[in-house]
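Please keep the sequence and the model in view while reading.

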Amino acid sequence: RYVVRAQLPGIDPDKDVEVTVADGALTIHAERRETHKDQHRSEFVYGELTRTVRLPKGADENAVTATYRDGILEVTVAITPEEAQAKKVPIAHGQ
């Protein structure tokens, strides 16, 4: 299996994180928007993160899971072991 972990503290994974897999690549996109207001001041905390990693040979794009716990996003991709098979190469006859 192939595992990618990202530290994403203080976000809501249901609203702020998107994980996609396409064409042999895994992309994690996260965006944090937070506003703190009180009577005399306001604070805005925001930021955006996008990371794309190439998946190894044999990665099963249909067997991807993602979990978020204690500020850590963990994405796991199943790897199907490929058996090395000999390929017969035809020989052309020259004239």
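This is a predicted model: local features need pLDDT of at least 70, side-chain atom pairs count only at pLDDT 80 or more; totals for chains, interfaces and linings use all residues.

Two strands are said to pair if DSSP finds at least two bridges between them. The protein as a whole contains one helix and six strands.

**Overall form**

- Read from the N terminus, the elements follow the order β-α-β-β-β-β-β.
- The radius of gyration is 22 Å, well over the 12 Å that the globule rule gives for 95 residues, so the protein is more spread out than a compact globule.
- The C-alpha trace spans about 90 × 30 × 15 Å along its principal axes.
- Of the 95 residues, 18% count as buried.
- Among contacts between residues at least 6 apart in sequence, 48% join residues at least 24 apart.

- Seven bridges join E5 to strand E6 (residues 72–79), and the two strands pair in the antiparallel sense.
- Two of the residues with bridge partners in E6 are threonine 67, whose partner is glutamate 74, and arginine 69, whose partner is isoleucine 72.

**The hairpins**

- E5 and E6 form a hairpin with two residues between them. In its turn, aspartate 70 has a positive phi of about 55°.
- E2 and E3 run antiparallel and are joined by six bridges. Within this pairing, valine 21 has leucine 26 in E3 as its bridge partner.
- The hairpin of E2 and E3 also has two residues between the strands, and aspartate 23 there takes a positive phi near 50°.

**The nonpolar core**

- In soluble globular proteins, nonpolar side chains tend to be buried together.
- In this model, the largest nonpolar core has twelve residues: Val4, Ala6, Leu8, Ile11, Val17, Leu26, Ile28, Ala30, Leu55, Leu73, Val75 and Val77.
- At least two residues of this core come from each of E1, strand E3 (25–37) and E6.
- Leu55 is one of the core residues. Not counting residues up to four places away in sequence, leucine 55 touches Tyr2, Val21, Gly24, Ala25, Leu26, Glu61 and Val77. Leu26 and Val77, among these, also belong to the core.

**Salt bridges**

- How many salt bridges does the model hold? The count comes to two.
- One of them joins glutamate 74 to arginine 5, with the closest N and O atoms 2.7 Å apart. This pair links distant parts of the chain, as glutamate 74 lies in strand E6 and arginine 5 in strand E1, 69 residues apart.
- Glutamate 74 counts as partly exposed because its relative accessibility is 24%, whereas arginine 5, at 57%, counts as exposed.
- Arginine 69 forms a salt bridge with aspartate 70, and here the closest N and O atoms are 3.8 Å apart. Arginine 69 and aspartate 70 are both exposed.

**Two individual residues**

- Is threonine 76 buried or exposed? Threonine 76 is located in strand E6. Its relative accessibility is 14%, and buried means under 20%, so threonine 76 counts as buried.
- Leaving aside neighbours within four places in sequence, threonine 76 is in contact with Arg1, Tyr2, Val3, Ala63, Val64 and Thr65.
- Alanine 22 belongs to strand E2 (residues 17–22). With a relative accessibility of 43%, alanine 22 counts as partly exposed.
- Alanine 22 and proline 9 are 13 residues apart in sequence, and their C-alpha atoms are 26 Å apart in space.

Methods
Residues are numbered from 1 along each chain as its sequence is written. Side-chain values use heavy atoms; hydrogens and water are left out. Helices (H or I, at least four residues) and strands (E, at least two) are DSSP runs, numbered from the N terminus. A nonpolar core is a set of buried Ala, Val, Leu, Ile, Met, Phe, Trp, Tyr and Cys residues joined through side-chain atoms within 4.5 Å. Buried means under 20% relative accessible area, exposed over 50%, partly exposed in between (1.4 Å probe, protein chains only). Contact means heavy atoms within 4.5 Å. A salt bridge is a side-chain nitrogen of Lys or Arg within 4 Å of a carboxyl oxygen of Asp or Glu. The radius of gyration is taken over C-alpha atoms; the globule rule is 2.2 Å times the number of residues to the power 0.38.
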